[in-house]
Amino acid sequence: YVLVLRAMASMAAALGDAINATGYSELATNASEAFHHAFWDDRSSAYGNDPGGTQSLTLPALHIGAPPAALEPRVVQNLQDDLEHRTDYHLAVGAVTGKILLNVLSDHGLHRSAMRVATQTTEPSWGYWWSQNSSTCWEAFPENEKVSGHTPQGRTTKNHIFLCGGIGEWYWK
């Protein structure tokens, strides 16, 4: 939503429509602030209050610039700590945040972390799918199915393309 509002502001500005450019820009700023207030947890100093959701909420927050400037270094460090200590640089995201994971890491100077995530070959990772000769992305990883019971064993669909976009669209700054 925030990205669409910013795109609309940019288009309005390009068309010389200063009133709508300002209006969309203000809506985008307000929506970013609303995201921060809705998901930031002061007690844990993180987005959300569930360690399993750290990446899924922190990545979009950073992508849209939701953290106030004074908190942003802490938010970036929380993401780095989660990658390093909880997931050992493995995927802990869904389709939406998988698309922005590597770019958000690079945007915040975490190039080595992005590279470690991108080059993992054990599950859950893009490299694991590659090692299994997959030409698409899977709905779940087999080990996750066993643990979570999310998808009955052997019933995982293996025809998704959205999540794969994260590694294919990564840019290096």
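His 36 is part of helix α2; helices (H or I, at least four residues) and strands (E, at least two) are DSSP runs numbered from the N terminus. The model is predicted, so local features need pLDDT of at least 70 and side-chain atom pairs count only at pLDDT 80 or more, while totals for chains, interfaces and linings use all residues. Residues are numbered from 1 along each chain as its sequence is written, and side-chain values use heavy atoms, with hydrogens and water left out.

With a relative accessibility of 9%, His 36 is buried (under 20% relative accessible area; exposed is over 50% and partly exposed in between, with a 1.4 Å probe and protein chains only). Leaving aside residues up to four places away in sequence, His 36 touches Tyr 47, Ala 66, Pro 67, Pro 68 and Leu 71, where contact means heavy atoms within 4.5 Å.

**Overall fold**

The protein has nine helices and two strands, in the order α-α-β-β-α-α-α-α-α-α-α from the N terminus. Of its 173 residues, 42% count as buried. Among contacts with a separation of 6 or more, 56% are between residues 24 or more positions apart.

**Nonpolar core**

The largest nonpolar core has 34 residues, and Tyr 47, Leu 59, Leu 101, Leu 102, Leu 105, Val 117 and Trp 126 touch the most other members. Such a core is a set of buried Ala, Val, Leu, Ile, Met, Phe, Trp, Tyr and Cys residues joined through side-chain atoms within 4.5 Å. At least two core residues come from each of α1 (2-14), α2 (18-39), α3 (54-64), α4 (72-86), α5 (95-107), α6 (111-118) and α7 (126-131). Helix α5 gives the largest share, five residues.

Beyond residues up to four places away in sequence, Leu 101 touches Gln 55, Leu 59, Leu 91, Val 117 and Trp 126.

**Salt bridges**

There are two salt bridges in the structure (a side-chain nitrogen of Lys or Arg within 4 Å of a carboxyl oxygen of Asp or Glu). In one, the closest N and O atoms of Asp 82 and Arg 86 are 2.6 Å apart. These residues are about one helical turn apart because they lie four residues apart in helix α4. Asp 82 is buried at 7%, and Arg 86 is partly exposed at 38%.

Arg 43 pairs with Asp 41, with 3.2 Å between the closest N and O atoms. Arg 43 is exposed, at 73% relative accessible area, whereas Asp 41 is buried at 11%.
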